[in-house]
Amino acid sequence: MDIAEIKNLTKEYPTFRLSDVSFALKKGRITGFIGRNGAGKTTTIKSMLNLVHPDTGEIRYFGMPLAGHEAEIKQRIGYSTGSVSWYPRKKLSTIAAVSKRFYLNWDDDVYQHYMKQFGLDERKTPLELSEGMKVKFTLVLALSHKAEILILDEPTSGLDPFSREELLEIFTMLRDSGTAVFFSTHIVSDLEKCADDILYISHGSIVAAKLKQAFRDAYSQAGETLEDTILRMEKGAAHA
Ligand SMILES: Nc1ncnc2c1ncn2[C@@H]1O[C@H](COP(=O)(O)OP(=O)(O)OP(=O)(O)O)[C@@H](O)[C@H]1O
C-alpha cells in the first residue's frame, strides 16, 4: 500500500498554477522532489500538509483522506516546511516536552537515542543551533513520535557539504529502517547520493515520477550526469 497518495492537486495563484499534480510515496523509499526555484515544490508540500488549501485534489495517507483525518494522520507523519516554529529561546528539552504531550506515540528512549546520535545538546535553544542542527532536531522530534513518513521542504539548503552528506546518510539509515522520506531540493547531487525515486516538477507540472535509474534510462543522453540531464530538460522547458 502507498503511504501517501496525491491525486490531481491544483492550486492557482495570480502568477502561478500548480497543475494536476499526482504521485505516490512508498514505505522504505527516499523520494527526492526536484525543481528549480519557483517550480511549485513548497506549494505542493504545504498542500500535502493542509497548510495551503488546494483548489482541487485528493490527499491520502495510510489509505485515509487527509480531509477529516488530519489529527490522526499528523500523529503518524513528521514534517518540516523550513520556517521553524519552535520558541527560539526555549531549551530543546522544553520543546521536546511540549511535543511529547501532543504525540500519543512519543518514546523518550528513542528521543534520547537520536539526540545522542545526532550530537544535539538539549540545554541549547533554537537560537543557538546551526542550520544543520535545526534539521536534525526536526528529525529527532519526528522520529521520537515514530513518524512513518518524513516530509521535508529543502532540508539540505543552507547546509555545508559535510552536513549535507551527513543528513543524506541519516535519510538512508531511516529508509533502511522502513521510513518513507520525501524531501524537496534544487540540488541535483542530493538525488545522486540518496534518492531511490525522483519526482521532477517544472513550472507547476510534474515532468517525471520515476525510479532514479528509470529516470536516467528515459531522459539521460550518453555521458550525461543527472545534473546535466535536468539542466538540459529545464532549458528545453524554458524554450518550449
Ligand atoms: N501565497 C502565495 N500567493 C501568491 N503566489 C504564491 C504564493 N505562494 C507561492 N506563490 C508563487 O507560486 C510559485 C511557486 O512557489 P513555490 O514556493 O511553491 O516554489 P518552490 O519550487 O518551492 O521554490 P523555491 O525552490 O524557491 O522554494 C512562485 O511563483 C510563487 O511566487
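Modeller: An N or O atom in the side chain of Glu154 lies 2.9 Å from an oxygen atom of the ligand. The protein covers 61% of the 640 Å² of accessible area that the ligand has on its own (Shrake-Rupley method, 1.4 Å probe; for residues, only the protein chains shown count as cover). This is a predicted model: local features need pLDDT of at least 70, side-chain atom pairs count only at pLDDT 80 or more, and totals for chains, interfaces and linings use all residues. Residues are numbered from 1 along each chain as its sequence is written, and side-chain values use heavy atoms, leaving out hydrogens and water.

Colleague: What makes the pair of Thr185 and Asp190 side chains a polar contact?

Modeller: The distance is 2.8 Å. A polar contact is a pair of N or O atoms within 3.5 Å; within protein, one must be able to donate a hydrogen and the other to accept it, and residues adjacent in sequence count only if both atoms are side-chain atoms. So the Thr185–Asp190 pair qualifies.

Colleague: Why is Thr185 called buried?

Modeller: Its relative accessibility is 2%. Buried means under 20% relative accessible area, exposed over 50%, and partly exposed in between (1.4 Å probe, protein chains only). Therefore Thr185 counts as buried. Thr185 lies in strand S8, residues 180-185 (helices, H or I, at least four residues, and strands, E, at least two, are DSSP runs numbered from the N terminus). Leaving aside neighbours within four places in sequence, Thr185 is in contact with several residues, including Phe33, Lys41 and Leu191 (contact: heavy atoms within 4.5 Å).

Colleague: Why is Lys100 called partly exposed?

Modeller: Its relative accessible area is 39%. Lys100 is found in helix H3. Beyond its neighbours within four places in sequence, Lys100 is in contact with Trp106 and Asp108. The C-alpha atoms of Lys100 and Tyr111 are 9.8 Å apart.

Colleague: Which residues of helix H3 are buried?

Modeller: In H3, residues 92-102, they are Leu92, Ile95, Ala96 and Ser99.

Colleague: Why are the buried residues of H3 said to line one face?

Modeller: Seen down the axis of H3, they fall within an arc of 100°, so they line one face of the helix (the arc is that of the directions from the helix axis to the C-beta atoms). These buried residues pack against helix H4 (108-117) and helix H5 (131-144).
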